[in-house]
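Dear colleague,

Please find the structure below, handed over for your study. My findings follow directly after it.

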Amino acid sequence: MLLKPWTNIALRNSIRRRNAIPSLCRYVSTEISSKTQNQRKAYVGAGILNPNSHKDKLVDVNKVLVIGSGGLSIGQAGEFDYSGSQAIKALKEANKKSILINPNIATNQTSHALADEIYFLPVTAEYIIHIIEREQPDGILLTFGGQTGLNVGVELDKMGVFDRYGVKVLGTPIKTLETSEDRDLFAQALKEINIPIAESIAVETVDDALAAADKVGYPIIVRSAYALGGLGSGFANNRDELRNLSSQSLSLSRQILVEKSLKGWKEVEYEVVRDSEGNCITVCNMENFDPLGIHTGDSIVVAPSQTLSDEEYHMLRSAAIKIIRHLGVVGECNVQYALQPDGLDYRVIEVNARLSRSSALASKATGYPLAYTAAKIALGHTLPELPNAVTKTTSANFEPSLDYMVTKIPRWDLAKFHNVKRDIGSSMKSVGEVMAIGRTFEESFQKAIRQVDPSLVGFQGYSGFEDLDFELANPTDRRWLAVGQALIHEGYSVDRVHDLSKIDKWFLYKLMNIVNQQKKLESISSLYGITHETMLESKQLGFSDHQIALAVGSTELEVRARRTSFGIRPFVKKIDTLAAEFPADTNYLYTTYNATEHDVEFDEHGIMVLGSGVYRIGSSVEFDWCAVSTARALREMGKRTIMVNYNPETVSTDFDEVDRLYFEELSYERVMDIYELEHASGVVVSVGGQLPQNIALKLQEQGGAKVLGTDPRDIDQAEDRHKFSSILDSIGVDQPAWKELTSVSEAKDFADKVGFPVLVRPSYVLSGAAMSVIRDESELEAKLTNAASVSPDHPVVITKFIEGAQEIDVDGVASNGKLLVHAVSEHIENAGVHSGDASLILPPVNLEEPIMARVKEIAEKVAKAWKITGPFNMQIIKNKDELKVIECNIRASRSFPFVSKVLGTNFIDIATKALVNKDVPEPVDLMQKSHDYVAIKVPQFSFTRLAGADPFLGVEMASTGEVACFGKDVIEAYWAAIQSTMNFKVPKPPSGLLFGGDVTKEDLGLVASTLLPLGYKYYVAKPEVKEYLESKLNGATKIEVIELPKNDKRKLGEVFEQFNIRGVFNLAKARAESYTDEDYLMRRNAIDFGLPLFNEPRTAVLFAQTLAAKLPARLEAQASQSKEIPTEVKRWSEFIGGRSIV
């Protein structure tokens, strides 16, 4: 067996264990491979190895309904775009018609290039039944839409829908899904095969939870059934903690499990695949860097496992296969274990009998296409007959072997939220994750840290912790920084850090290797004191050029020059799933300094497309759609493509989307390394969001790279707030009064001149980071200091904030300064809510023709002034008849998928043609076309996950995703869109509605009067709100003041139940200053108890109007069991008049 060079003994031993598995699966796959030697030359990766071996046993379906996951949220993000896209590709290969329901318009799967027909509708039983009645599918896939798809599938089965309409559930049976999700059934099933689980009791009331805990013994962990990403779970050390926790958990889930806590044990995962005939393989095993107690989505994870003995590895592998066979999983499954750190005792934590975030990570970590294979298995294929679609040389019944390792680190954005608790535990809080590939733990770990945020240089500390021991013992989103501070700066020993954190010593000793090298570099203290040997050692341990420069007092470019003078450059290696045991021609690549040769030839001279990197608030799946669309457009034009991205959740990091995929950092250093090695013909920086944009100027000016599209020097003049404002003045485009800040005193003078409120805007930031509205002088200094620290190398601008204005979004594409296409969307919310948190209407319904003409004129002036080639986006505010530009991004924006799909014109396709100056179309005014429909995009928030965070909207973005729906008018489109947000429950009369907020404006009264005829009961928490509503409603209904307990969550829940409160309207003027503020309590507890919350005036009024218009007809239809299909239930192609390839 030929192996590539090794630098990591533990990794090597892990691979040997994997290669030594004497499995029947491997034997069978070898046999089949030998029988098909003659066919292999003709095989191209599609179809099956033996076309006739299993034909008579395939599932007989022709039209398959695929259930999508909806808007991206914490715990359910882009991984389901990836898995759903893979499933649809598998259906297309099998010549099965696919019908997709998914309101997430930003995804790649919601494209006619993949699915045959698409419904942008809520993923609820009600709407799915309408689609089944309309489309008459004979099959359904439930396991590619996350927890949303699984839950609705179980609900539909209980309603008898599948039997009634003759729809086959493909893949894992419903009974298995129920068993894996129902904690009591799951515990019983594992006891039947003598697999140990944590001692636990399933309960449905708070009192039963307390009784169960007395039997099990504290500390305990609460887990929710049918819950996503550990939602509703947590730890309790005593009865009071359990009472509050279980009260909240049971408001989110009908059943919870009270089980003994195994905090401090190791956590290990296995990804397992099984077909309908019982063939079974483990594709990947992963080990958490953090001990048990932190949700795996919030933990640092390595693959393959590094600290397991051979006996432990095989014990857990055998158990995983035993479990998946006993449960009857057909497809892919994830098994999570707690493993005793100093013995062979273990417990099964849970089984996900569906594709999960871990599945996406395992697929990208191993190169094994789990979702694609699971979809093929669902159609009746068996593992031995299926090919590995990545390698094209082996059967899918072959367990991957790795000659590298990967590290996954989560990305949190907790700092964006007010009052949020930063601790991490059994309920997931991260918004995204990165995956780094290396040949040592040190190399992959340091790469992963930099991928999380470009401001991080590698393994480092943070001096701001007040109590370092507390931070090490009590995990937060900054725990690894606490480990870094302890080891690098505070002189803690490995033993001391281990005792406090329970992180395995193997990982800590590896981190000490980085610490020792860091100190060695600092002792050299001069660039020219670094020898060839020291430079190579540093690079092999994952040090970046910038990191080395900081250690020796030099610059990144000087270190790069010295490194290349030594001839030290990274080597490009393939991820071939086979550890080089068999020849495999893959395009899935990474770079490493722990090698001696390249695995590829560099003769393609492709165009590089820089992806979006980690998902975070402000940059999510919409930029992945842009990157994938760019790559597809380039390939259609005959161009070779090179994708650079490191996000395992994405379609852009799928093996079949580009000619070469580099799973790598989006830093200047790494992008230039790849650009130079590949002799690339150009690089696209305008479709991956802010990260590529931030290095564009450096790539061109210092690296000499050919940046396609708008000149980075012109991009800089839009990103730099001072330059941007100056150019707008020079071309006669109006903007709010502004000034570049140089001191707090100048800011005070400006505010005195224009009047409060004012808005502070840093340069080169994403999602409004550190942008804030300042309403009086007392807030000025602190907020200005924060803004300056976020973007220290670029100016901060202060502008007049115009209250009550309407905001308009403009997305456009230009070529050499000439506008080609543009879309104008209007915000429902007033200006002051970040555009990423706003609800958008397209085509606009409230903008008159003269305004539309002026907006187009501004877009043309801006395109010309900045000589734009490619995509761009502007935000304009309309105050009476004045139009003022407040922002311009010379890149694709998060609304590009929305406008492209609503207008049936792919803006990225046009932009790509402009970028390469080939087949550039003539300008067309899409906004002149009349449409008989409207689409509304609404934000998806994840406040449920963020304990304590105040769900108050402002100029800094808070949403994690979006959904969009179509309708014949605004009311119909909004009715579908708001129900598409996760777990939205329409309040039904005569339940109670709780009102609060600003009583100086008309909005709260308008909401109450609009809803009055529906028969809700009205409640308030303040006497002044009661007086206000009574005056607005003229005594037409009783309004009751209720007291909200301020420090007792359980009693608060009881109050909400007592008065049957099922919706909250809180239109407060400003964010709460304390936890005991009634408005904060209303908002926060609406979130905690899973109730609809409307906290912005314009959307609150629109929802009231929508409810008044739509709810009576729905209630009547439900009462009469009418089968009439609502008018919003239409295919996307029916709305836009054809199957546009967008």
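F571 lies in strand β17, which covers residues 571–574; strands (E, at least two residues) and helices (H or I, at least four) are DSSP runs numbered from the N terminus. The model is a predicted one, in which local features need pLDDT of at least 70, side-chain atom pairs count only at pLDDT 80 or more, and totals for chains, interfaces and linings use all residues. Residues are numbered from 1 along each chain as its sequence is written, and side-chain values use heavy atoms, with hydrogens and water left out.

With a relative accessibility of 21%, F571 counts as partly exposed (buried means under 20% relative accessible area, exposed over 50%, and partly exposed in between, with a 1.4 Å probe and protein chains only). Its C-alpha atom is separated by 7.1 Å from that of T596, a residue 25 places away along the chain. Beyond its neighbours within four places in sequence, F571 is in contact (heavy atoms within 4.5 Å) with residues including Y590, T592, A595 and H598.

I turn next to a sheet. In which order do the seven strands of the open sheet stand? The order is β14-β13-β10-β11-β12-β15-β16, with antiparallel pairing; two strands pair if DSSP finds at least two bridges between them. β14 (346–352) and β16 (432–438) are the edge strands, each with a single partner, so one side of each has no neighbour in the sheet. From one strand to the next, the twist averages 25°. β13 (residues 331–339) is joined to β14 by six bridges, and Q336 has E350 in β14 as its bridge partner.

Two helix pairs remain. Packed helices are described by the angle and the distance between their axes. Axes are lines fitted to C-alpha atoms, for helices over the stretch in contact, and angles run from 0 to 180 degrees between N-to-C directions.

The axes of α24 (residues 690–701) and α25 (residues 712–719) come within 9 Å and cross at roughly 135°. These two helices are therefore oblique to each other (angles under 35 degrees count as roughly parallel, over 145 as roughly antiparallel, 65 to 115 as roughly perpendicular and the rest as oblique). On the α24 side, the residues that meet α25 include Q690, A696 and L697.

The axes of α33 (residues 1003–1011) and α37 (residues 1097–1120) also come within 9 Å, but cross at roughly 10°. α33 and α37 are therefore roughly parallel. Among the residues making this contact are L1006 and V1007 of α33 and V1101 and A1104 of α37.
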